[in-house]
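Subject: Structure handover

Hello,

Here is the structure we spoke about, with the sequence. My notes on it follow below.

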Amino acid sequence: MSNTPPNENHASTDEQAGKASAKFLIAPVIIAVFALIGGILLQDKLSQPLTSDQLKNTTLYPADFRPVPAFELQDQNGQSFSQTQLQGKWSVIFFGFTNCPDVCPTTLNILQQAYERLGEHQKDVQVILVSVDPQRDSQQQRKDYIEYFHPDFLAIGEEDGGQGDKIKALTKSMYIHYETVANKESPEDYLVDHSAAILIINPAGRRHAQITQPILPGAIAQDITAMIEAY
Amino acid sequence: MQKVKNLLLLSLLALSFSSHAGLDIHNAIVPESPPTAKVLTAYMQLHNNADKLQTVKSISSPQFQRVEIHRTAIADGIARMKPVEHIRIAPGESAELAEGGMHLMMYRPDARYTEGDCVELILHFADNSTQSLRASVKKRTGMVDHSQHH
């Protein structure tokens, strides 16, 4: 780079001025070459959109990974939330429960910071907490909890009084594990061990990627942006 | 300046409440939580300056119905919470309660605690002595920034 002649621009300017007719001949060739290169790059990009190596803390699933199967839950405002709501947006999905004081709020806080860094892509992304504690996480509880982190975030779960079978079906289809653990001191304060995975669903409603540990706001924002731009 | 004053005041309180010689407690923080959170946590560093082993067998708080010590362990992608029976700290050693590690489970606060509030905690040692400290409530965003700068 350092041995590039400093007068190169001048030379080409002179050339352009002096040999306008030659330029007319060369221009289509240059355009054709660029178009060819562009086409090759684009083709490359289409067949191999992005690799996990290009991402900081995200592992991509194979292309055309199967779509999220049909499910029907409810958001924190009582609106139905099904697989249809995954269409047309990038969904960042995390599983947790509102009585979880360490992993869940830490993760949601990081996702909030990542969301704030998305800039123009914020409108393309929805961040969703799936409650794996239908017994305690009522609609109102989910609403008060999630809106503390960001008013745009969603907290979906079973409708009040749900028995957990709908959550079980959805998590099973996504290979997400959770289980209730008894609390010997106080039965009502049972714990829920749960998968710490953060899943990315693409606008076609297919599982696209998984964010891996350690989760960091900057890395998540960059990876999401890269996936959106390569899609 | 007000912050510095608060910190000084807190340190003084922590000292004056202390009836146990050994543990130095630093950065005791209760992350601010959503309004309806029924379980809060606390993080801190504990250092044993004494020349004998010290064992914290439980922790309580007048502002919470019950406090448990837990450890988050993420294995095979699953976050599991394990109750911690006691915290044993050898002379000269430290223990840390931190995000994604050992932490407190503080059940049912008596009020909503927001940034700037304090939570009083009482450490109960195996030799039946106690030590009180005050943890300050801070927003998580501030905490994360803090940890990234160090």
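Which residues does T36(B) touch, leaving out those up to four places away in sequence? The model is predicted, and in it T36(B) touches Q141(A), D144(A) and Y145(A). T36(B) belongs to the loop that runs between β1 (23–31) and β2 (39–40) of chain B. T36(B) has 15 C-beta neighbours inside 10 Å, so it counts as partly exposed; the cut-offs are 20 or more for buried and 12 or fewer for exposed. Within chain B, the C-alpha atom of T36(B) is 8.1 Å from that of R112(B), although the two are 76 residues apart along the chain.

The sheet in chain A

Chain A has an open sheet of six strands in the order β1-β10-β9-β4-β5-β6, and the pairing is mixed. β1 (58–60) and β6 (154–156) of chain A are at the edges; each has a single partner strand, so one side of each has no neighbour in the sheet. On average, and ignoring direction, neighbouring strands of this sheet are turned by 25° against each other.

Strands β4 (residues 90–96) and β9 (residues 198–201) of chain A run antiparallel and are joined by four bridges. In one of these pairings, F94(A) has I198(A) in β9(A) as its bridge partner. Helix α4 (residues 139–149) of chain A packs on the sheet, where it touches β5 (125–131) and β6 of chain A. The direction of this helix makes about 150° with that of β6(A).

Backbone points to check by eye

Most residues other than glycine have a negative phi, and most peptide bonds are trans.

- P214(A) sits in the loop between β10 (207–211) and α6 (217–230) of chain A.
- Y175(A): phi is positive, about 60°, and the residue is not a glycine. Y175(A) is in the loop between α5 (165–173) and β7 (178–181) of chain A. Y175(A) counts as exposed because it has 12 C-beta neighbours inside 10 Å.
- N27(B): phi is again positive, about 50°, and this residue is not a glycine either. N27(B) lies in strand β1 of chain B. With 16 other C-beta atoms within 10 Å, N27(B) is partly exposed.

Regards

Notes. Residues are numbered from 1 along each chain as its sequence is written. Chains are lettered from A and ligands numbered from 1 in the order in which they are written. This is a predicted model: local features need pLDDT of at least 70, side-chain atom pairs count only at pLDDT 80 or more; totals for chains, interfaces and linings use all residues. Two strands pair if DSSP finds at least two bridges between them. Helices (H or I, at least four residues) and strands (E, at least two) are DSSP runs, numbered from the N terminus. Axes are lines fitted to C-alpha atoms, for helices over the stretch in contact, and angles run from 0 to 180 degrees between N-to-C directions. Two residues are in contact if their C-beta atoms, placed from the backbone, lie within 7 Å.
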